Amino acid sequence: MTFDLINCLYVFVLAGFIGFEVIRRVSPLLHTPLMSLTNALDAIVVVAAIIIAGRHDSTLSTVLGAVAIAAAFSNMVGGFLITDRMLRMFKLSRSKKP
Amino acid sequence: MNHLLQQELIDVAYLVAVSLFVLALKWLSSPATARHGVLAGEIGAVLAVTATLCDYQIIEYKWIIVALVVGAIVGVPLGLVPMTAVPQRTALSHACGALAAALIGIAEYYVRVPHLTKFDMVEIAAEVIIGSLTFTGSLIAAGKLQEILPQRPITYRGQNFVSLSVLAAALLIALWLLFHPGASKLFPLMVGVSLVFGVLLVTPIGGADMPTVISLLNSYAGLSAALLGFVLNNKVLVVAGALDGSSGFILSVIMCKAMNRSFTNVMFGAFGQVQVSTAAAKEERTVHSATAEEAAAILAAANAVVIVPGYGMAVAQAQHKVRELFDALTKKGIDVKFGIHPVAGRMPGHMNVLLAEADVPYDRLFDMDTINPEFPQTDVALVIGANDVTNPAAKTDQGSPIYGMPILEVDKARTVMVIKRSLNPGFAGIDNPLYYEDKTLMLFGDAKGFVGDIVRELTGGGH
């Protein structure tokens with residue numbers, strides 16, 4: 001059990017460093033899409049909710065799991081959708097020939 | 001297929017998914033590659049979800065499918081909201097993410113309750129407390145941004161004491177549960193107290209501080225997902241949570257620096273309370289105002305114009321008229337740039353998205369550090385719906401509440417024009433000496449209407 005904890009801490013710390021280095025380089029132009037994209041990625045908690053709801057340990061856990069699936073999946077679908085919509089709007093100036 | 005092999009395959013799928021997540025964020029570094037990033041994220045998410053659906057532990061698919069369909073039905077409209085509603089949508093999605101994480105933690109507690117170790121209990125308690133307070137806190141933030149709730153800070157005497165006592169109560173219950181994990185009647189109480197704390201945490205915070213608060217809630221939502229990964233020993237959650245958490249954290253640090261304030265000051269300072277004392281000492285000062293016609297003439301004679309948008313532009317939905325102004329001036333050969341303060345608007349990057357929506361090319365949008373050295377060579381700085389981020393008192397008046405905050409130095413331009421509804425001080429109740437300078441022309445009116453009038457003068461006057 002503590003072995004798992006140490007394992008997770010390793011992953012957490014290293015992922016935190018990677019996140020810091022990668023996100024530091026994101027242009028301030030894209031800070032809003034950054035937030036909606038990380039929200040969509042964070043919605044991966046849906047995989048945990050799927051296991052809880054499908055394992056059928058008790059009615060309570062199935063209900064909580066199902067609500068969690070709906071909440072997380074709406075975030076995933078909506079998050080990717082709006083991020084892509086936003087990014088499609090960012091255009092360079094066309095070099096207009098007079 | 002035996003269970004062990006299947007679990008290994010699922011783990012491999014998760015590993016590929018998290019690699020794609022990191023690439024997704026890496027590609028977001030530039031608008032040119034950013035859309036590849038979304039695609040990478042989508043592939044990763046689909047892969048992880050598909051792999052999970054094959055897990056042998058699942059014995060009943062009915063509710064999973066119903067919930068996925070409901071999630072998609074709710075999610076699609078949330079992905080199609082207008083760009084002006086993006087801040088409240090973002091707050092709402094923090095709430096959904098935190099809700100999911102909290103509910104899974106609660107379910108896990110009840111499944112495991114007879115045989116919980118102390119480590120499990122610490123992880124579950126921390127996860128559920130953070131998830132719950134982020135859920136209600138984000139709902140309050142979304143309510144304020146949607147203006148269902150008042151945007152001004154709601155404060156009362158002894159507020160910080162009450163809020164912190166509530167948090168302490170949640171932590172004490174968690175501590176009790178640590179030593180008596182079987183006291184499952186106390187668990188809902190801990191959840192309830194955490195939910196209340198989330199409300200108390202965000203209610204006193206005013207609209208102008210929303211960029212920081214949204215970033216901070218983003219960070220909490222990520223942290224709760226990562227902690228859930230600890231509870232379930234699921235590395236994909238740990239990585240995704242750590243990425244989301246560090247992103248929110250970095251953004252909050254950027255926002256705090258852009259306001260020269262600390263986290264504690266944002267959370268507990270109730271910025272934006274009305275300054276009563278300064279108002280009394282104010283004497284009558286004159287302002288110069290101008291009509292749309294005069295403003296258009298000055299703009300037409302300029303060589304270099306910098307437009308500084310703020311929350312007022314978003315409120316008036318003036319971004320499309322601003323684009324028309326940009327087009328009209330560019331057509332006359334005038335160099336037009338946009339200067340964007342990090343905390344302009346209600347969330348990080350808010351102004352950039354609105355202007356991009358209105359088809360303003362992103363190579364004309366400049367951040368504070370790039371645009372500030374250009375103001376001395378600028379003929380006209382046109383401020384649209386921004387106030388505090390242009391206030392020179394932040395540099396000169398040590399008594400000002402915003403003293404030390406980095407500003408867009410529009411006062412260095414040859415002429416400053418400010419579109420504003422009235423002389424009332426801005427959201428934070430801080431007077432702006434910029435408006436009384438000789439080089440400043442006040443353009444009183446609604447941002448959308450006034451910019452429209454200027455555009456009409458500029459385009460109609462050509463014949």
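Author: Happy to. Keep in mind that this is a predicted model.

Reader: At what angle do α3(A) and α3(B) pack, and how far apart are their axes?

Author: The angle is about 140°, and the axes are 8 Å apart. In chain A, helix α3 covers residues 46–55.

Reader: Nice. Which residues make that contact?

Author: From α3(A), they are A:I50, A:A53 and A:G54.

Reader: Let's zoom out. How many residues does each chain give to the contact between chain A and chain B?

Author: Chain B gives 99 residues and chain A gives 80. On the chain B side, the elements with two or more residues there include α1 (3–27), α3 (62–79), α9 (235–258) and β4 (365–367).

Reader: Which element of chain B gives the most?

Author: That is α4(B), with 16 residues. As for classes, the side of chain B that touches chain A has 61 nonpolar, 25 polar and 13 charged residues.

Reader: Switching topic: how do the strands β2 and β3 of chain B pair?

Author: In the parallel sense, over four bridges. Strand β2 spans residues 304–309 and β3 spans 335–340. One bridge joins B:V306 to B:K337 in β3(B).

Reader: What about β3(B) and β4(B)?

Author: They also pair in the parallel sense, over three bridges. There, B:I340 has B:D367 of β4(B) as its bridge partner. Between these two strands the chain passes through α15(B), and the β-α-β crossover is right-handed.

Reader: Last one: what domains does chain B have?

Author: Chain B is divided into domain 1 (97–268) and domain 2 (279–460). Their centres, taken over C-alpha atoms, are separated by 37 Å. The contact between them takes 14 residues from domain 1 and eleven from domain 2.

Reader: Which elements of domain 1 give two or more residues to the side that touches domain 2?

Author: Those are α8 and α9 of chain B. That side of domain 1 has ten nonpolar, four polar and no charged residues.

Terms used. Residues numbered from 1 in each chain as written. Chains lettered and ligands numbered in written order. Predicted model: local features only at pLDDT ≥ 70, side-chain atom pairs only at ≥ 80, totals over all residues. Contact = placed C-beta atoms within 7 Å. Nonpolar A, V, L, I, M, F, W, Y, C, P; charged D, E, K, R; others polar. Pairing = 2+ DSSP bridges. Right-handed = clockwise from strand over helix to strand, strands pointing away. Axes fitted to C-alpha atoms, helices over the stretch in contact; angles between N-to-C directions. Domains from an automatic or database assignment.
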